[in-house]
Structures are given as C-alpha cells and as structure tokens.
Amino acid sequence: MPDATTVRGGRIRALLPAPGAPRALAVSTLVGQTGGGLFLPVSALFFTRSVGLAPSQVGVGLAVAGLIGLAAAVPIGRIADRFGPRGTYAVTLLGQAAATASFALVHSLWAFILTNTVAALAQRGGNAARGAVIGGVGQGEERVRLRAMLKSVTNTGLSVGTALAALALAADSRSAYLTVVFLNAASYVCAALPLLRVPPVEAAGTGPSAPPRRAVLRDRRYTLVTVLCGITSIHYDVLSLGLPLWIAGHSGAPRWSISAVIMANTVLVVLLQVPFSRGTGEVPAAAAAVRRSGWVLWAGWAVIACTAFATSPALAFVLLVVGMVLHTAGELWHSAGSYGLSYELAPAGSHGEYQGFFSLGRGATAALAPMVVTTVCLADGARWRAVSGWLLLGLVVAAAAAAVPSATRAAARRPEAPLPLPVQESA
C-alpha cells in the first residue's frame, strides 16, 4: 500500500504540466503573465502621473489600440499557420517586449497611441499563434487540458505580479514606474526562451494542400459558435467591472468584500479549471458545458442581485459568496467548453487563423461590455431596475449558451475534406 506521502506527491504531480512542451509553455506563460500582472495595476498611474496624459487621452489611446489589435488576430493567425506558430509566437513576444520598453520614451498622445498599438498587435497576434502552438502540441482532451492548465498558470502569474506591483504603487515615483515597465518588457523576452523546448509545429505552407485563404471568414457555422461563446464570455466583465461597482454602490456588503470575492474567484479558477475541463475534448461534451455555464451564471447573478435586499452586511456578504461560487462554476464550464469547441471545430492546419477569429468573439464583447453592464446592471433609480437588469443579462447569456449545442451540431456537419475521386469501373 502506498503511504500518504507518496499519494500526496502523486496528486501534486498530477496538477503540474507534463515534461516537455506542456511544461515549457507553462513556464513561458507564468513568466509573461507575472510581468503583465506587475504592469497592469500601475499602468494608468504611469501614463497619467509620469507621462502626463489626461485620463481621457489614455482611454482614447487604449480604445484605438484595442480595435486595431482586434483586427490583427486573424491575419497574424494565418501567418502562424503558414510559417509556423512557434516562431510567430516568439516574434510577437519580442514585439511586446520592444513596445513595452518604448513606453519609457512616450511623452505625447500620438507616441502613446503608436506604442500601445504595436503592443496590442503583438498581444492579439501572439494569442492566436499561441493557440496554434497548443493545437499542435496535443489532440482532443489532452489539448483542452493543457489550455485549461495554462489558464490556471495565467491567473497565478497575474496574482503574483499584482501583489508585487504594490511596491511601485507605494513608491509612486517615475523611477519606480519605469522599473516596472522594464521588468515587464524583460518578462516577455524571458517568456520567449522556454519556447526553444517546444517542438516546432508543422506549418501549413503553400500549395494545393494548404488551407484556403480566409477560410474562417466564409465559415458561417464556426462564426455562429464564435458569436454565441463571445456573448456568454461577458462574465469576465461582470467580474472585473460590474461586481465591484455593484458591491460599492448597490449592496450593503462591506467594501473589503470586493477584494475577498475576486480573490476567491482567482483561487477557485487556479485550483479547478483543469478538473472542470475533463471530457470537453469532444464536441458534444464541450457544447453541453457551455450550455450548463449559461444557467449557472444566471443563477449566480440572481443571488448577487439579491444583496440589494439584504437586511445586514453579514447577510449581504454571504449572498455574495454564494453568488460568486456559482459565477465561478459558470466561468469554469464556459472556459473549458469554449476551449474544446474552438479547437475541435477548426480544420487541421488552420488553428492559428481559427483561434484568432474565435478570439474576436471575446474581443467584441469586451469592447461593448462596459456600456452594457453599467447600463443594464447598474441602473440608477428604483432598486428593482438594477435587480431586473441582472436577471435580464443572465437570461440573455443563458439563451446564447443554450443555443450552442445546436450550433455546434451544424458546424460539426461542415464538410472537412473533398470527396474521394470516383473509381473507374473496368470494361
């Protein structure tokens, strides 16, 4: 009989990525996301207090860069398919490093827009190329498990970087902010190094065997799945924007509960994303997971909305915790199901282009979500208006998620290859 130490060691090893390409990708992700988490909390203060831009200028620059970067996902994904995703991903990481380091030279709005646009192009394109690398490392369940594990690693890196950023925020000086900028740039360079241990994925190349150009733009069935999963992904914006503002302005819960529930979400995602992804390497199971996520998200938001009627801060906090647990379960199922569908419904040799296109669903939702969430869920006036807004948003998300299984059945029936040539009968 194995002793408790052996069993515990086996469980810990099961949580770690496998040696070789999965572990190299995990190290690359951890280093890069730690740098990103370090810069994210100080970026607004750096550009306003140190660079001297107005908050409105920062908003314009981020919006312009975000839209341009969004449009680059499919073309750069196509480049990754043609020339190889590993090399393309490494180049985009180095591009992010150069653009981030250039923030130290920014002293005007136009320079900010230019450097931030380059950074956004590299980030969006890098995500598509990274998706193609993952697509070439494994198949089916193995591929989805790796993607889920990398999401847990991403959250870990962001949390570590955000915690370290407190030192720069406490110093509140240009030298401290520049240190963060250069550390973030260095993290992208360091994130490119582990890719040397990832075997190159065979490029699609050119010729008769190459996938047709812009095939994803003509794939209406895959587009429908992308749109539906994109609508459901608004839960990310509910967590980052809607929930903090709701707690602060519409519920009786204490302010510290904002950090508490978001931290709880982060920890649960890190620990449970891989277990929730089991079985989603097959299209029917992945679609069922997305459908399930919609109703669970609706239930979680309904509980959170009830905090508006809580008679005490303690009761409001308990409702928030219950609502956050349901929200997190919905997030985990949605992420796992989306990962499976984005890969399994894409033709072989086109993962870069298809992953880039699939990211547009999330990108479009992220662009519209601030207006939707603040208008629907944070409405002024009578309490019932905001509460009904939460319920309405939940029903829209649940309806979109419920349509995913039928949409995926149609997409799965898409012809994947030309029919075989007829055999000539002998005379």
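This is a predicted model: local features need pLDDT of at least 70, side-chain atom pairs count only at pLDDT 80 or more; totals for chains, interfaces and linings use all residues.
Visitor: In which helix is the place of Thr88?
Guide: Residues are numbered from 1 along each chain as its sequence is written, and side-chain values use heavy atoms, leaving out hydrogens and water. Helices here are DSSP runs of H or I with at least four residues, numbered from the N terminus. Thr88 belongs to the one covering residues 85–102, helix H4.

Visitor: Does Thr88 count as buried or exposed?
Guide: Buried means under 20% relative accessible area, exposed over 50%, and partly exposed in between (1.4 Å probe, protein chains only). Thr88 has a relative accessibility of 11%, so Thr88 counts as buried.

Visitor: Which residues is Leu320 in contact with, leaving aside its neighbours within four places in sequence?
Guide: Leu320 lies in helix H12, residues 313–344, and counts as buried at 1% relative accessibility. Contact means heavy atoms within 4.5 Å. With neighbours within four places set aside, the contacts of Leu320 are Leu243, Ile247, Ala253, Ser257, Val261, Ile304 and Thr307.

Visitor: What separates the C-alpha atoms of Leu320 and Ser251?
Guide: Along the chain, Leu320 and Ser251 are 69 residues apart. In the model, the separation of their C-alpha atoms is 9.5 Å.

Visitor: Is H6 roughly parallel or antiparallel to H10?
Guide: Helix H6 (residues 140–171) and helix H10 (residues 257–276) pack with axes 8 Å apart at an angle of about 160 degrees. Axes are lines fitted to C-alpha atoms over the stretch in contact, and angles run from 0 to 180 degrees between N-to-C directions. Under 35 degrees counts as roughly parallel, over 145 as roughly antiparallel, 65 to 115 as roughly perpendicular and the rest as oblique. The angle therefore makes H6, relative to H10, roughly antiparallel.

Visitor: At what angle do the axes of H8 and H13 cross?
Guide: The contact includes Tyr222 and Cys229 of H8, and Phe357 and Arg362 of H13. The axes of helix H8 (residues 220–232) and helix H13 (residues 351–376) come within 8 Å, and their crossing angle is roughly 40 degrees.

Key:
Helices (H or I, at least four residues) and strands (E, at least two) are DSSP runs, numbered from the N terminus.
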